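Hi,

Here is the model I promised to pass on. Have a look at it first, and then read my notes below.

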Amino acid sequence: MEQIKLWKIESDGVMKISKKPLDYEHRLEKWLIEDISILSPNLAVIGSQIVTPHGKRIDILAINSVGELVIIELKRNITYREIIAQVLDYATWIKDLDYDELSNILNKYG
């Protein structure tokens, strides 16, 4: 099977465009932070890349219209088991956060 190649036309000729991995997760995270209504109109972002006490990072932490915290994790090429384990780890941490801790997260990461 042949590879598809990309070329850029410039004033002095044609130049091959090098392949780079796309940063889908980073771009999607940025878009969701800028406009969380893409995912749901009932969410507000509290913060992104929140470091947990275990040194892991929650991609996006949001809150819905009834005050429930929502963990948003963006993943590619990872098994469902790993994703569920990671989110359960995060959920066990955020379930016990109080108002002051959430306020600190919002001030630091929001």
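A cut-off to start with: partly exposed is the class between buried, under 20% relative accessible area, and exposed, over 50%. Lys8 has a relative accessible area of 44%, so Lys8 is partly exposed. Do keep in mind that this is a predicted model.

Let me begin with the hairpin. Strand 1 and strand 2 form it, with 2 residues between them. The two strands run antiparallel, and 4 bridges join strand 1 to strand 2 (residues 13-16). Lys8 stands opposite Met15 in strand 2. Lys8 also forms a salt bridge with Glu10, where the closest N and O atoms are 3.9 Å apart. Glu10 is partly exposed as well, because its relative accessible area is 31%.

Ile9 sits in strand 1 (residues 7-10) too. With 74% relative accessibility, Ile9 counts as exposed. Together with Trp7 and Val14, Ile9 makes a nonpolar surface patch of about 390 Å².

Now for the other salt bridges. Glu34 pairs with Lys30, with the closest N and O atoms 3.4 Å apart. Both lie in helix 1, 4 residues apart, which is about one turn of the helix. Glu34 is exposed at 57% relative accessible area, while Lys30 is partly exposed at 45%. Then there is Lys75, which forms a salt bridge with Glu73, the closest N and O atoms being 3.1 Å apart. Lys75 counts as partly exposed at 31% relative accessibility, but Glu73 has 16% and so counts as buried.

The residue I'd like you to look at is Glu29, in helix 1 (residues 24-34). What is the nearest side chain of opposite charge to this buried residue? For Glu29 that is Arg57, 8.3 Å away, and Glu29 has no salt bridge. A salt bridge needs the side-chain nitrogen within 4 Å of a carboxyl oxygen. Setting aside neighbours within four places in sequence, Glu29 is in contact with Ser48, Gln49, Asp59, Ile60 and Leu74.

One last stop is Leu88, in helix 2 (residues 80-94). Leu88 counts as exposed, because its relative accessibility is 53%. Leu88 and Leu61 are 27 residues apart in sequence, and their C-alpha atoms are 14 Å apart in space.

Cheers

Technical notes. Residues are numbered from 1 along each chain as its sequence is written. This is a predicted model: local features need pLDDT of at least 70, side-chain atom pairs count only at pLDDT 80 or more; totals for chains, interfaces and linings use all residues. Side-chain values use heavy atoms; hydrogens and water are left out. Patches are made of residues with over 30% relative accessible area and no salt bridge: like charges are joined within 9 Å, nonpolar side chains (Val, Leu, Ile, Met, Phe, Trp, Tyr) within 5 Å. Accessible areas come from the Shrake-Rupley method with a 1.4 Å probe; for residues, only the protein chains shown count as cover. Buried means under 20% relative accessible area, exposed over 50%, partly exposed in between (1.4 Å probe, protein chains only). Lys and Arg count as positive and Asp and Glu as negative; His and the chain ends are not counted. Contact means heavy atoms within 4.5 Å. Two strands pair if DSSP finds at least two bridges between them.
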